Amino acid sequence: DRFYQQLSRVSPDSAPYLFPTEQDRLAYWINAYNATVITGVLAHYPIDSVADVKAPPLLFFFPSKSGFFFFQRFRYGGVDTSLYYLEHRVIRARFADPRYHFALNCASSSCPQLAAEPYLPERLDEQLEQATRQFINDPEHVRYDAARNTLHLSAIFKWYRGDFLSWLQKELPDEPVQLSDYISRYVDAQT
C-alpha cells in the first residue's frame, strides 16, 4: 500500500527532475504497472481471474478484461488513468525497447512472471535481459516443434509483433526481419 501511495503522488510526468534518465522513467513505469496490477487484484479479492472484474453494466459489450484494464482508475503522480492507458500510451508510446513486454505482469498465468524485486534504473538493462531470456526460454511461451517445423509463440508476440519488429529493424536496417530473428537473440544454447 505504501509503495502504491508513493507511485500515486509522484511520477516522471509530475516530477521529471526526479527521473532524469530513460532508465529512471522506464523502471518507474514498469514498477508502477506491476504494483497497480497487484493493487487492482487485491481490491477485488477474491477473484479467479482479472476477467472477473466487469465493465460497468451499461458497457457489458466491452471485451472480458476491459473492466480490470480499462475501466479501473489508478493514480500516478496525481493523475488518474487506467492500466490500458499506462501500457499503451505511456510505456509502449515512449520506450522503444520491447523487452519491457517481458517485465509487465498482467495477473494471468500466460503473462511474464512477476519479478521478485523492483526494476532499478542502474540495473534495468540486466533485469530486462534476464526477464526476456526467462520468458523466451520457457516452453510454455516459446517452443519449437522440429517434427512439424513449427514455432509456437505466446500471444504476446502476436499482440505486439510490431514492437519487436520495429526495434529489430532499427538494429538491422539493411535486412528483412521476422519474429524468429528477435527470439533467436535470447534462446539459450541448451534450449
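Visitor: What makes the meeting of the side chains of R92 and D163 a salt bridge?

Guide: In this predicted model, the N to O distance between the side chains of R92 and D163 is 2.8 Å. The cut-off for a salt bridge is 4 Å between a side-chain nitrogen of Lys or Arg and a carboxyl oxygen of Asp or Glu. The value of 2.8 Å lies within 4 Å, and the pair is therefore called a salt bridge. R92 belongs to helix α4 (residues 83-94) and D163 to helix α7 (residues 161-171), so the pair links distant parts of the chain, 71 residues apart.

Visitor: Is D163 to be called buried or exposed, and on what value?

Guide: D163 has a relative accessibility of 18%. Buried means under 20%, and D163 is therefore counted as buried.

Visitor: How many salt bridges does the structure hold?

Guide: The structure holds 11 salt bridges. One of them is formed by the side chains of R99 and E129, at 2.9 Å from N to O.

Visitor: What makes the pair of R99 and E129 a tie between parts of the chain?

Guide: R99 lies in the loop between α4 and α5 (124-136), while E129 lies in helix α5, so the pair ties together parts that are 30 residues apart in sequence. R99 is buried, at 7%, whereas E129 is partly exposed, at 24%. The pair also has a place in a network: salt bridges that share partners join D97, R99, D125, E129, R133 and D188.

Visitor: Which residues have the most contacts inside the largest nonpolar core?

Guide: They are W29, I30, Y33, F102 and F157, in a core of 48 residues. Helix α2 (residues 22-44) gives the most to this core, with nine residues. The word core applies because its members are buried residues of the nonpolar types, joined through side-chain atoms within 4.5 Å. In soluble globular proteins, nonpolar side chains tend to be buried together.

Visitor: With which residues is I30 in contact, leaving aside its neighbours within four places in sequence?

Guide: I30 is in contact with I91, Y100, A103, L104, Y119, L124 and L128. Contact here requires heavy atoms within 4.5 Å.

Visitor: How do you know whether T36 is buried or exposed?

Guide: T36 has a relative accessible area of 0%. The limit for buried is under 20%, so T36 is buried. T36 has its place in helix α2. Leaving aside neighbours within four places in sequence, T36 is in contact with Y4, F74, Y76 and L83.

Visitor: Which residues make the nonpolar surface patch of about 430 Å²?

Guide: I38, L42, Y45 and L114 make the patch. A patch residue needs over 30% relative accessible area. L42, which lies in helix α2, has 58%.

Visitor: What kind of peptide bond joins Y45 and P46?

Guide: A cis peptide bond joins Y45 and P46, with omega at about 0°. P46 lies in the loop between α2 and α3 (66-71).

Visitor: How many bridges join strand β3 to strand β4?

Guide: Four bridges join β3 (residues 142-145) to β4 (residues 150-153), and the strands run antiparallel. Two strands pair if there are at least two bridges between them, so β3 and β4 count as paired. R143 stands opposite H152 in β4.

Technical notes: Residues are numbered from 1 along each chain as its sequence is written. This is a predicted model: local features need pLDDT of at least 70, side-chain atom pairs count only at pLDDT 80 or more; totals for chains, interfaces and linings use all residues. Side-chain values use heavy atoms; hydrogens and water are left out. Buried means under 20% relative accessible area, exposed over 50%, partly exposed in between (1.4 Å probe, protein chains only). Helices (H or I, at least four residues) and strands (E, at least two) are DSSP runs, numbered from the N terminus. Patches are made of residues with over 30% relative accessible area and no salt bridge: like charges are joined within 9 Å, nonpolar side chains (Val, Leu, Ile, Met, Phe, Trp, Tyr) within 5 Å. Accessible areas come from the Shrake-Rupley method with a 1.4 Å probe; for residues, only the protein chains shown count as cover.
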